[in-house]
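Open the model in your viewer and keep the selection tool at hand. The tour moves from stop to stop, with something to select at each.

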Amino acid sequence: MSTTDALHQTAVHKTEALLFFTLLQLAVIVLAGRIGGLVARRVGQSTAVGEIIVGILLGPSLFGLLWPAGFDFVFRSAPPEPLTILSQIGLLLLMFQIGLEFDFSHLTEKRNRFAVMTVSITGLVAPFALGLAFGWLSAPALAQGADRIAYMLFVATSFSITALPILGRIMIEFDITRSVIGVITISAAAINDVVGWLLLAIVSALTVATLGGDGFSPGAFAINLGLVVAFVVGSWMLVRPPLKRVVRAFAPNAQRLPGMLLGIVLAGIFISGMTTYKLGIFAIFGGFMMGVLLHDEAGFVAAWKDKIGTFVEVFFIPIFFTYTGLRTDIGALASAQAWGWCVLVIALATLGKYGGCWIGARL
């Protein structure tokens, strides 16, 4: 056997081994995610909550603790990249579905637009301020040796960012996506999330500056912000009209989703995700924006939900939520003091976000 043949066989063997363990992980995650979601719904919680809890139980917190060899065989015999990529694709498609589900025509009313802006601003400012205060007071205990200002800004930003995918999925399960309150909530959360990711970029740049790097450039940030606004406006004004004409030309409905149309839409979702990634606001916002562009195409929405939506919910989405839990090691909280800090962080983050949005809603 030649060296080339031997190398080829070795490469094939590695590929097959990677496929084997990836399929093993997928089988465990998909089944466990469905069971966890079913149990969660039985007790009045979101499916996503059940999937995350199952992920934590399958991870080092329980499975890895009780049977380390079995855990290593299932989840550490292959690199994590395949599941990571699948989970991100699933998240991108979930955000597209979330954009499709909501009736954004409610935002034509001035009162509703005012509510969105008010809630998004107070829902950002209040937790950010609380995060700054907590960061300042906790820095001596939790960030010894780190730059105090950078630590404060990271904590404040983490308090401010909204978990848009989980929020959207919960609202879909509660069947309030076509209501006024549903549209106000998801719109405020989307604005909040975009600003939060931009804030994270600023904080990261400032932190690099403290370590002697190039640091934060106001001009570059202003350009980036302008590009984000241009992306949203351009998508609505330039991309939406021809995209809607293409969709209507294929005349999709609940029983029919032409393959060519599906290919065009999927390519659009991926390109949109690539664009927002390059703009520094994470790829999932691109998927969400594509869904918003087509939210009022009733035939396509029905076709997607009937032909594609269930597969995304059963296969792709549990990978993301369960894999999130898999990467969480509760055992890292090894002392009563660590648990105390954890509980305090959760309480303050909840107070800041809930309290800020409550104030905005009251206004």
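Predicted model: local features only at pLDDT ≥ 70, side-chain atom pairs only at ≥ 80, totals over all residues.

**Stop 1: the largest nonpolar core**

Select Phe-96, Ile-186, Ile-269, Phe-288, Leu-294, Phe-300 and Trp-304. These residues have the most contacts inside the largest nonpolar core, which has 48 residues. Now colour by helix. Helix H5 (81-101), helix H8 (164-173), H9, H10, helix H11 (259-278), H12 and helix H13 (298-326) each supply at least two residues of this core. Which helix gives the largest share of this core? H13 does, with 10 residues.

Centre on Ile-186 and show its surroundings. Beyond its neighbours within four places in sequence, Ile-186 is in contact with Ile-98, Phe-102, Phe-104, Leu-164, Leu-167, Gly-168, Met-171 and Phe-288.

**Stop 2: the cavity**

How many cavities of 30 Å³ or more does the structure hold? The count is 1. The largest cavity has a volume of about 40 Å³. Select Met-95, Leu-164, Asp-193, Val-194, Trp-197, Ile-281, Ile-284 and Phe-285 to see its lining. H9 and H12 are the elements that give two or more residues to this lining. H9 gives the most, with 3 residues. By class, the lining of the largest cavity has 7 nonpolar residues, no polar ones and 1 charged.

**Stop 3**

Move on to the second largest pocket, with a volume of about 730 Å³. It is lined by 24 residues, and those closest to its centre are Leu-107, Ser-187, Ile-191, Val-232 and Met-289. Then show helix H6 (110-142), helix H9 (180-210), helix H10 (218-250) and helix H12 (284-293), each of which supplies at least two lining residues. H10 has the largest share of the lining, with 7 residues. What classes of residue make up the lining of this pocket? It has 20 nonpolar, 3 polar and 1 charged residues.

**Stop 4: Ser-160**

Select Ser-160, in helix H7 (residues 148-160). Is Ser-160 buried or exposed? Its relative accessible area is 0%, so Ser-160 is buried. Show its contacts next. Not counting residues up to four places away in sequence, Ser-160 touches Gly-123, Leu-124, Pro-127, Phe-128, Asn-192 and Lys-353.

**Stop 5: salt bridges**

The count of salt bridges comes to 10. Start with Arg-169 and Glu-51. Their closest N and O atoms are 2.6 Å apart. Arg-169 is in helix H8 and Glu-51 in helix H2 (residues 47-58), so show both helices: the pair links distant parts of the chain, 118 residues apart. Both Arg-169 and Glu-51 are buried.

Next, select Asp-296 and Lys-244, whose side chains meet in a salt bridge at 3.0 Å, N to O. Asp-296 lies in the loop between H12 and H13 while Lys-244 is in helix H10, so this pair ties together parts that are 52 residues apart in sequence. Asp-296 is partly exposed, at 38% relative accessible area. Lys-244 is buried, at 9%.

Together with Lys-244 and Asp-296, they are linked in a network of salt bridges.

Finish this stop at Lys-307 and Asp-306, which form a salt bridge at 3.5 Å, N to O. Lys-307 is partly exposed, with a relative accessible area of 40%. Asp-306 is partly exposed as well, at 44%.

**Stop 6: Ile-35**

Last, select Ile-35 in helix H1 (residues 3-42). Is Ile-35 buried or exposed? With a relative accessible area of 55%, Ile-35 is exposed. Now draw a distance from Ile-35 to Ala-78, C-alpha to C-alpha. The two atoms are separated by 25 Å, and the residues are 43 apart along the chain.

Technical notes. Residues numbered from 1 in each chain as written. Heavy atoms only, no water. 1 Å grid on protein atoms, 1.4 Å probe; cavity = no way out; pocket = protein on both sides within 12 Å on 5 of 7 lines; lining within 4 Å. Points joined across faces, edges and corners; volume = space filled by probe spheres on them. Helix = DSSP H or I, 4+ residues; strand = E, 2+ residues; numbered from the N terminus. Nonpolar A, V, L, I, M, F, W, Y, C, P; charged D, E, K, R; others polar. Core = buried A, V, L, I, M, F, W, Y, C linked by side-chain atoms within 4.5 Å. Buried < 20%, exposed > 50% of the residue type's maximum accessible area, 1.4 Å probe, protein only. Contact = heavy atoms within 4.5 Å. Salt bridge = Lys/Arg side-chain N within 4 Å of Asp/Glu carboxyl O.
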